[in-house]
Amino acid sequence: RAQPDLQTMERALAGTGACVMLTNADGVLLYNTPLSVQTQMLTRAFARPGVNLGEHRVGTSAPGIVASTGSACTVLGGEHYFEAMAGLRCAAAPIRDIHGRLAGVLDVTVEDDAFGFDAGAMVGLYATSIENDLLQSLASDQLILRFQTNPALLQTPLVGLAGVADDGTVAWLNDAAA
């Protein structure tokens, strides 16, 4: 489900040296930007599917913090727990399911460079888009309402979504709807 958004995000970040990563709720890496020959060594060490980026495994990092707290965050350079990770800058945002539980974490990381863009805003926007797709796919037997105060936002990640059960109760809301 996340593949189209991940590919769009990667195209938007082309030439920045950023690596896009998607983990499950526990911080285990499910997807990362295909690594190029220019990819730096530290990124090569952790940007592999199956690697656990949880805080209890690699110390302080944006995907680890989000997996632990469920809140978006950015971790820059020396804010990482391990000194060896001081060259990294990472920003991550949560992806929730229809029950509001953490389903995954979207992260963007650069090594030995500053973000040349608002990484927190970008990762938040794409995480919201992935979350909206996930919510709609999990609501197969519900009526999905799409709404927004500005009609131009109906086809964007800022759309309000509500799942309505057969009995007319609201089963779930995304953040924009809430």
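Val-75 has its bridge partner in strand E4, and that partner is Cys-90. The model is predicted. Strand E3 covers residues 73-76 and runs antiparallel to E4, joined by four bridges.

Now follow E4 to its other partner. E4 and E5 pair in the antiparallel sense, over nine bridges. E4 itself is mostly covered, with seven of its nine residues buried.

Next come the charges. The count of salt bridges is one. Arg-101 forms a salt bridge with Asp-97, and the closest N and O atoms are 3.3 Å apart. Asp-97 has a relative accessible area of 14%, so this residue counts as buried.

A search of the whole structure finds zero disulfides. A disulfide would need the two sulfur atoms within 2.5 Å. Cys-73 is buried at a relative accessible area of 17%. Cys-19 is buried as well, at 6% relative accessibility.

Helix H5 spans residues 119-138, 20 residues in total. From first C-alpha to last, H5 reaches 28 Å, close to the 28 Å expected at 1.5 Å a residue. Which residues of H5 are buried? Among them are Ala-119, Met-122, Val-123, Tyr-126, Ala-127, Ile-130 and Leu-134. An α-helix has 3.6 residues a turn, so residues three or four places apart point the same way. The buried list of H5 also includes Ser-129, Glu-131 and Asn-132. What do the buried residues of H5 pack against? Their contacts are helix H1 (3-12), strands E4 (88-96) and E5 (102-111), and also E7 and E8.

Those last two strands belong to an open sheet. Three strands make up this sheet, in the order E6-E7-E8, with antiparallel pairing. E6 (143-147) and E8 (170-173) stand at the edges with a single partner strand each, so one side of each is left without a neighbour in the sheet. Neighbouring strands here are turned by 25° against each other on average, direction ignored. E7 covers residues 160-164 and is joined to E8 by three bridges. To find this pairing in the model, go to Ala-162, which stands opposite Leu-173 in E8.

How values were computed
Residues numbered from 1 in each chain as written. Predicted model: local features only at pLDDT ≥ 70, side-chain atom pairs only at ≥ 80, totals over all residues. Heavy atoms only, no water. Pairing = 2+ DSSP bridges. Axes fitted to C-alpha atoms, helices over the stretch in contact; angles between N-to-C directions. Buried < 20%, exposed > 50% of the residue type's maximum accessible area, 1.4 Å probe, protein only. Expected span 1.5 Å × (residues − 1). Contact = heavy atoms within 4.5 Å. Salt bridge = Lys/Arg side-chain N within 4 Å of Asp/Glu carboxyl O.
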